[in-house]
Amino acid sequence: MNKSFKFICIYCTISLVLLSTILPLILRANTAFSAPDNPLKGKIILIDPGHGGIDGGTSSGNILEKSINLEASLILKTELINRGAKVIMTRDKDTSLENLCKDNDYRHRRDLKARVNMINSNNIDAYISIHVNAVNNAPYVKGPMVFYSNTDINSKTLASYVQDSLNAIAGTSRSPNVADYFLLTNAKKSGILIELGFITNNDDKNLLVSKDYLKKLTTGIVIGLENYFKNK
Ligand SMILES: [Zn+2]
């Protein structure tokens, strides 16, 4: 065998070995890069903007909770749809829901029952109820809070992920809270209730009327949902 032919043979062998080991790694890396996991794709999320219509929720001057809830919920809806999720809304306009419940009960309870019925009768992966907080005689208390029912472990997990991502946005360090709210305890699906901030705190109040801030918060909610479905 002449010397240069021998060299070519060795060179080709080394190249083939290298290609067969490195190529699959490169291809795998490219696949991961071009088609990242999308944990929200195909997921069905119910969004419940609290209050509405005759029920303004909490307020400060002419700033009404029901309007902040609806605006944030509609932004959240768009963000979720953009990530491939399907969205069901309990309301998408300024209306209360008691007319959807025929029970012999008082107006506010029928409104809440209508929301619970929508959660329980739809095939959903999670629900998010959006509210704004208020506290008497504590104007310094601020920041987002996430509530869940301790009857469902998945709700607790979701609450942790969402509270973490909201903490990162608002600069708070809260843990999620257990609550026995009617909606949370009667819903038979996994979900959470989010208080976006305190209308009784001046900083929060100024932020909550800003669409940019609501967008930041809803992005935080989306990140929390993504982390939840990624690890589920
Ligand atoms: Zn509320």
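In strand 4, K86 is the bridge partner of I44. Strands here are DSSP runs of E with at least two residues, helices are DSSP runs of H or I with at least four, and both are numbered from the N terminus. This is a predicted model: local features need pLDDT of at least 70, side-chain atom pairs count only at pLDDT 80 or more, and totals for chains, interfaces and linings use all residues. Residues are numbered from 1 along each chain as its sequence is written.

Start with the strand that carries I44. Strand 1 (residues 44-49) pairs with strand 4 (residues 86-89) in the parallel sense over four bridges. Two strands count as paired if DSSP finds at least two bridges between them. Strand 1 also pairs with strand 5 (residues 126-133), again in the parallel sense, over five bridges. There, P49 stands opposite I130. How many of the six residues of strand 1 are buried? Five of the six are, so strand 1 is largely enclosed by the rest of the structure. Buried means that 20 or more other C-beta atoms lie within 10 Å of the residue's own; exposed means 12 or fewer; partly exposed falls in between; the C-beta atoms are placed from the backbone.

Six strands form an open sheet in the order 4-1-5-8-6-7, with mixed pairing. Strand 4 and strand 7 (177-178) are the edge strands, each pairing on one side only. Strand 5 and strand 8 pair in the parallel sense over six bridges. In strand 8, E195 is the bridge partner of H131. Helix 2 packs on this sheet and touches strand 1, strand 4, strand 5 and strand 8. The direction of helix 2 makes about 145° with that of strand 5. Axes are lines fitted to C-alpha atoms, for helices over the stretch in contact, and angles run from 0 to 180 degrees between N-to-C directions.

The largest nonpolar core has 48 residues. Such a core is a set of buried Ala, Val, Leu, Ile, Met, Phe, Trp, Tyr and Cys residues joined through C-beta atoms within 7 Å. I45, I128, V146, V162, I192 and I194 have the most contacts inside this core. Helix 7 (residues 211-230) gives the core its largest share, seven residues. Take I192 as an example. Leaving out residues up to four places away in sequence, I192 touches I128, V146, F147, Y148, S155, L158, A159 and V162. A contact requires C-beta atoms, placed from the backbone, within 7 Å.

The expected span is 1.5 Å times one less than the number of residues. Helix 3 (residues 107-121) has 15 residues and should span 21 Å; its end C-alpha atoms are 21 Å apart, which agrees. Its buried residues are D111, L112, K113, R115, V116, M118 and I119. The cover over them includes strand 1, strand 5, helix 5 (182-186) and strand 8.

Helix 4 (residues 153-170) has 18 residues and should span 26 Å; its ends are 25 Å apart, C-alpha to C-alpha, which agrees. The buried residues of helix 4 include L158, A159 and V162. Strand 5, strand 6 (145-148), strand 8 and helix 7 are among the elements that cover its buried residues. Just after helix 4, G171 takes a positive phi of about 70°.

Helix 7 has 20 residues and should span 28 Å; its end C-alpha atoms are 28 Å apart, which agrees. Its buried residues, among them L214, L217, I221 and L225, pack against helix 2 (65-82), strand 5, helix 4 and strand 8. T219 also sits in helix 7. T219 is partly exposed, with 16 other C-beta atoms within 10 Å. T219 and L76 are 143 residues apart in sequence, yet 7.5 Å apart in space, C-alpha to C-alpha.

Two loop residues deserve a look. H51 lies in the loop between strand 1 and strand 2 (59-60). H51 is not a glycine, but has a positive phi of about 65°. Is H51 buried or exposed? With 25 C-beta neighbours inside 10 Å, H51 counts as buried. N137 lies in the loop between strand 5 and strand 6. N137 is not a glycine either, and has a positive phi of about 60°. With 6 C-beta neighbours inside 10 Å, N137 counts as exposed.

Finally, the whole protein. It has seven helices and eight strands. Of its 232 residues, 40% are buried. Among contacts between residues at least 6 apart in sequence, 74% join residues at least 24 apart.

Key: Two residues are in contact if their C-beta atoms, placed from the backbone, lie within 7 Å.
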